[in-house]
Every structure is written in structure tokens, then in C-alpha cells.
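Dear colleague,

Please find the structure below for your files.

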Amino acid sequence: MNSEEIIRYIQENFVYNPDGTFTRKDRSGGSGSLDKDGYWIIKIKGKQYKAHRLVFAFFNGRFPNGELDHINHVRSDNRIENLREVSRTENILNRVITPNSKTGYVGVYQDDCTHGLKKKYSFHIKGKTYRFY
């Protein structure tokens, strides 16, 4: 199925719910499942699609040209008002940056290959790696 056929299929066979989920009219169940990264996946005619891309296509009559950003950072929240079409750069800039679990700092990493010697740390700035003990 090409993009136009998929869009026509979801518009005819799916009901969009205000909570961002789909209900299928063509069969019971099959409303999707969560993948390992926390995104809803829906199978159509043997192919898997990310639900947020289907929601976008359902409302806009086309698949997004770039990436879709979940504005509230919740990957399973596919309400249309929570999705925005963005470039890769915009999507990366909107990510949540968390401190490294071992060092407690953003961008500072502990080298575990020191074989019992002093702890070694590293960080990156403008493509260059700096190491310190």
C-alpha cells in the first residue's frame, strides 16, 4: 500500500479518540501496542506504523515530511494537539537532557575500563573529547 492508500484506509477504518488513541472499525482489538522505546505501534496490512505518524496523517491527509515531536515529551501521548512537525534539529533541541547516572552531571561520563586505577572521566565539546582523573 502506498501513502495515499494507507491514509484512506485509516480514515475509513479507524476512529480517533480524544485521548490520542485509535479504535479500529474493521476488526476488534488491533489498536496497537507499545514498542521498546515507548511509542504506540499499529499494524496495518502486515506492516507496523508508529501511531503518532498515523494520527498526523489522519488529520492532515499526508504523512509528515520531517519528524514529529511530542510536545510534552510523553512518547505514548498521541493527541493531535501534542504533536508538531519539526526538523531533526528542532526535535533534538526539544529533548529532555538528564544527568549521567554515574557522575550526576550532564555530558560527563565515567570510564569503567580503568582496571582498579584512578577513576577517569570524559566530556565532549565541539567534537573534541577531554579526559581527566
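Over how many bridges do β9 and β10 pair, and in which sense? β9 and β10 pair over 5 bridges in the antiparallel sense; strands count as paired if DSSP finds at least two bridges between them. Please note that this is a predicted model, in which local features need pLDDT of at least 70 and side-chain atom pairs count only at pLDDT 80 or more, while totals for chains, interfaces and linings use all residues. Residues are numbered from 1 along each chain as its sequence is written, and side-chain values use heavy atoms, with hydrogens and water left out.

**The sheet**

β9 and β10 belong to an open sheet of 3 strands in the order β8-β9-β10, with antiparallel pairing. Helices (H or I, at least four residues) and strands (E, at least two) are DSSP runs numbered from the N terminus. β8 (109-111) and β10 (128-132) each have a single partner strand and stand at the edges, so one side of each is left without a neighbour in the sheet. Direction ignored, neighbouring strands of this sheet are turned by 35° against each other on average, with axes being lines fitted to C-alpha atoms.

β8 pairs with β9 (residues 120-125) over 3 antiparallel bridges, and Q110 has Y121 in β9 as its bridge partner. On the β10 side, I125 is bridged to K128. The hairpin of β9 and β10 has 2 residues between the strands, and K126 takes a positive phi near 50° there.

**The nonpolar core**

A nonpolar core is a set of buried (under 20% relative accessible area, 1.4 Å probe, protein chains only) Ala, Val, Leu, Ile, Met, Phe, Trp, Tyr and Cys residues joined through side-chain atoms within 4.5 Å. The largest one has 17 residues, and I10, F14, F22, I42, I44 and L54 have the most contacts inside it. At least two residues of this core come from each of α1 (3-13), β1 (14-16), β4 (40-44) and α2 (51-60). With 5 residues, α2 gives the most.

F22 touches (heavy atoms within 4.5 Å) residues including F14, I42, L54 and F58, not counting residues up to four places away in sequence.

**The largest pocket**

A pocket is an open set of points on a 1 Å grid where a 1.4 Å probe fits, with protein on both sides within 12 Å along at least five of seven lines; lining residues have an atom within 4 Å of a point. The largest pocket holds about 450 Å³ of space. Its lining has 16 residues, of which Y39, L68, D69, R75 and N91 are the closest to its centre. β6 gives the most to this lining, with 4 residues.

Yours sincerely

Note on methods:
Axes fitted to C-alpha atoms, helices over the stretch in contact; angles between N-to-C directions. Buried < 20%, exposed > 50% of the residue type's maximum accessible area, 1.4 Å probe, protein only. Points joined across faces, edges and corners; volume = space filled by probe spheres on them.
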